[in-house]
Amino acid sequence: MTNLTAENKSGLTANGNGYQHSEDQGVIYTRVQDYYGKVLSSTSDLKTTACCVADSPPKYVRDRLVNVPEEVLQKFYGCGTPLPSGIEGLNVLDLGCGSGRDCYVAAALTGQTGTVIGVDMTEEQLKVAKAHVSEYTSKLGYPKPNLRFVSGYIEFLEKAGIGRESMDLVISNCVINLSPDKPRVLSEVYASLKWGGELYFSDVYCSRRLPEHVRKHEVLLGECLAGALYIEDFKRLCQNAGFTDPRMMSCCPIEVTDEGLADILGEAKFYSILFRCFKVPELETLCEDYGQIAIYEGGIEGSTHAYRLDDHHLFERNLPVRVCGNSASMLGESWLGKYFRIVGSRDVHYGLFDCAPSASPQESSAPGACC
């Protein structure tokens, strides 16, 4: 178990930043299990929009949602749609899968040659998730299920049966913020990913570090707000874990509809953000220029004409685009490699890559990294 009073690698006190909760981890686990297993019966019981998807999912997801069992959909709590396309044949892990909605969709996206594992600590949710697996995968035409659910904690993936360097893609929907030990979660994810793999996930973030009385509030914890990290602290945790260059895909403000909860939160602003973090070699802390070019060759469902890497990188099909070294690695050395052609190497360095940072959350609804 990680020392809860230790300082992290950046020299910042873990407790003060909300990386790790000052209360006993077992207490936090119990509160979260009770909230999602006993207090909430459906999404209509939520007091904020944090655990509700604000934007409509992409068409390739909507097309598959129609086949997901109704009970699974009714018990779904999430803040986004962390389901990339083009993942046929990949091994996928869902952290804190809950009723399994995203796992069911992922099972359709990966096809029968891929695998999907959902891990969760709440037995009531797992019971719902497991109940429909055989019937669902049979309707997909699979000779045997490619989908399974396991009981476990996202801070201890190996204990839940998830092998080291066994996953191509790890997804999560508004769950990591609930963990009492976020640095360990990111480290466990990094260890479970193969080289070329990716963490692709939606979660709740805050415009500032939250005070202790907010982080201990039971309802705000269950609503995914008390555990929300300050966005810049999250980036530091990613870098400490090995995810050197987290990329933002989308950002949506969260509305706190309960007046009492809004008063407790004060002027803190919350956002549902979809991030992607690649485990590829040679990622650097800054965007460096090696004169490389990336060409999207097509083949990804939903991206017939263009593919979006993040909130400010769009690649039109067959159009050469200059990219920094990090983007070249993400596109060429990850699971995306079969869809892209990278021209050039890192033999010659031309200095910093010229790209502008995204706006901060105070300036727009899309805070983000540079490139």
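The model is predicted, so I took local features at pLDDT of at least 70 and side-chain atom pairs at pLDDT 80 or more, while totals for chains, interfaces and linings use all residues. Residues are numbered from 1 along each chain as its sequence is written, and side-chain values use heavy atoms, without hydrogens and water.

Cys-224 is not a glycine, yet I read a positive phi of about 75 degrees there. I placed Cys-224 in the loop between helix H10 (218-222) and strand S6 (229-230); helices (H or I, at least four residues) and strands (E, at least two) are DSSP runs, numbered from the N terminus.

Next I checked helix H8 (residues 182-192) against helix H11 (residues 231-241): their axes come within 9 Å and cross at roughly 45 degrees. Axes are lines fitted to C-alpha atoms, for helices over the stretch in contact, with angles from 0 to 180 degrees between N-to-C directions.

In contact (heavy atoms within 4.5 Å) I listed Lys-182, Pro-183, Leu-186, Ser-187 and Tyr-190 of H8 with Leu-237, Cys-238 and Ala-241 of H11. Just after H11, Gly-242 has a positive phi of about 120 degrees.

Last, I noted Asn-318 in the loop between strand S11 (313-316) and strand S12 (321-323). Its phi is positive, near 70 degrees. Asn-318 counts as exposed (over 50%) because its relative accessibility is 54%.

Note on methods. Buried < 20%, exposed > 50% of the residue type's maximum accessible area, 1.4 Å probe, protein only.
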